[in-house]
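Dear colleague,

I am passing on the two-chain structure we spoke about, and below it you will find notes on what was found there. Please read them with the sequence open beside you.

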Amino acid sequence: MYRYYLLIFVYGLIISCNKEKNITELASLLTAPNADFRDSLDIILNIEVKIKADSNFTYLRPTIFSDTILLAYVKEKENIISIFNLKTKSHVRDFEISPLIQNRDKYSTFYIHNLDSIFMLTSNNTSIYLLNGNGGLIKSWSSFDLGITPPNTYIFPYFLPQHSIYFNSKTNLVYASLIPGYFPTSSNFEDVPQQVVFNLASNIIKLKYGPPEGVMKMKGDLVFPGDLSFPYSLTINEATYISYPLDHFVYIYNNETGILVEKKAVCSSEIKNFPFPLPSEMIKDTQAMWNFRVQTPFYEPLNYHSKVKLFTRAVHHPQELKEMSGKLNTGKRRRTSVIILDSTLQIIGETFFNDGIYQINGAVPLSDGLLLYSNKGFNNNHAIPSLKYEFVPKIN
Amino acid sequence: MNLYPRLIKSSLFLLISIMGCDNSKSNCRYYEGFKLYLSQVYDLDISTQGDRIFYVLPLEGCDECLQINLNLLLERNFNSSKVTIILTGANFNDIIRSKIEAIKRKYPILEDGKNLIHQFETGFGKPLLVHVKNGDCLLQLQLQIKKLKVLRNIYWIIVNVGLRSYI
């Protein structure tokens, strides 16, 4: 009996010590590490892209293909997608989404492989759809189709439009994030892979890899707001770059083997600390979670600009909860940095955007720059007001 | 046997259980923000109101969840002199729009098409029930679909009988 009590005591002590160690490690991960910084590149406004509006529609979730073709949902017509050409600055055509996709699946964003193979990502967090250029449904996948049971235990994070998949047509493989559904309130997901590679035709999962790292691993059952809790994924050839909204590091995996190859600190010269996550019971208090979201700095997804072989990572700076009027801060004046990185993720510049010019999730990567959606400086005669920024050497 | 007092008792027990389990949603922590919202957006001074219940209903997001709320409001006859529905955002689904029109004919409505409520610290995220009497907050409850079935009867009691007199 004595041995039994001793075993419980020792086990309790180990758990308690581990928790203490994790909290200490978490605190250090929330602080920006020293990163090498070579300030040689800037991003400047090149051109205002004005597409004349021929209707009063509001366009949502714009996505760009090959730097020129822009697809966007029409807010007022739930089943319509509009196509614009950025070069000719014109509305090309609209198409209707297949009625086979249930009405309740609100459209979130796209991954455009080509204009006849458009992956549609929706609020249905267990399914991905593939459409042809006329909106017809070619195929759909649910986590259940991929052999993951019981159903709905894993979700795709693509109800958040800042997340996306990648499709390699040569290998017929889809690279996606697939997150346990009990996340983020449970601490029992530390070892669960969050990335999946599956064959588009056979539905067979080739590889599962990428359990939470860094802050997300060490936070245990503490919580961040939902949309700041999912991993961002960027696949370029055999490398998949995983980053998190509240982690200074980028984790680079070999997506053939699933092995974490290296991690690199990619942080702003101004953002030194992230706030501590909240106790898990706070997740029920949506206002408290939103207040955290309003105030905290956080990173956007890592972008790759293929023509110039550069990466960018935007970070929104912290802000006060409320404005002078007592209203919550909407972020209209939020400061944002875009960190510019070379092909090895070495920091080679940082450009600051003030007064909310870089809106949250309001930019799309181009092969040689960024397209920022603007609600400033344009009138309502333009369908998708946007500003094209390009990389230039910094003049000190 | 008169089932009505038993229904009230059992429903209140359930309500108190829900409140007890999830205190963050049932208290009036964000009432000041709600008052500010009503005064700045609708020029409505809540302290001059008698016994009022505000039912804040988001029209965007999950259509299925919205339908459950709309059906509840259409099926049950809540006391329309006491209840004000605040509709936030916009919805372009034809079936839902027809239900919204029916609700507009049945209850007093305040419309917030631009989602201005998000600029205030009101505790709003899911449908929100705020019970106010002479400027005091009696109850602020965020409604979850899972609990709506339980809440159906509780609603009726809150709205038509009043909660405070039974606690």
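Predicted model: local features only at pLDDT ≥ 70, side-chain atom pairs only at ≥ 80, totals over all residues.

Residues are numbered from 1 along each chain as its sequence is written, chains are lettered from A and ligands numbered from 1 in the order in which they are written, and side-chain values use heavy atoms, with hydrogens and water left out.

The mean pLDDT of chain B is 77, and 71% of its residues reach 70 or more.

As for the overall build, chain A has 3 helices and 26 strands, and 53% of its 396 residues count as buried, where buried means under 20% relative accessible area, exposed over 50%, and partly exposed in between (1.4 Å probe, protein chains only). Chain B has 6 helices and 5 strands, and 49% of its 167 residues are buried. In chain B, 78% of the contacts with a separation of 6 or more are between residues 24 or more positions apart.

Turning to the interface, chain B contributes 24 residues to the contact and chain A 19 residues. The two chains bury about 1700 Å² between them, 46% of it on carbon and sulfur atoms, buried area being the accessible area (1.4 Å probe) that two parts lose on being put together, summed over both. Of the area that chain B buries against chain A, 36% is supplied by Phe92(B), Gln119(B) and Glu121(B), more than by any other three residues. Between the chains there are 3 salt bridges, each a side-chain nitrogen of Lys or Arg within 4 Å of a carboxyl oxygen of Asp or Glu. Glu121(B) forms a salt bridge with Lys322(A), with 2.7 Å between the closest N and O atoms.

Within chain A, Ser268(A) sits in the loop between strand E19 (259-265) and helix H3 (286-295). Ser268(A) counts as buried because its relative accessible area is 2%. A polar atom of its side chain lies 2.9 Å from the backbone nitrogen of Glu270(A), and the side chain of Ser268(A) also reaches the backbone nitrogen of Ile271(A) at 3.4 Å. Leaving aside neighbours within four places in sequence, Ser268(A) is in contact with residues including Tyr299(A), His317(A) and Glu350(A).

In chain B, His131(B) is placed in strand E4 (residues 128-133) and is likewise buried, with a relative accessible area of 2%. His131(B) and Leu141(B) are 10 residues apart in sequence and 8.7 Å apart in space, C-alpha to C-alpha.

Terms used
Helix = DSSP H or I, 4+ residues; strand = E, 2+ residues; numbered from the N terminus. Polar contact = N/O pair within 3.5 Å; in protein donor to acceptor, adjacent residues only side chain to side chain. Contact = heavy atoms within 4.5 Å. pLDDT = per-residue confidence, 0-100.
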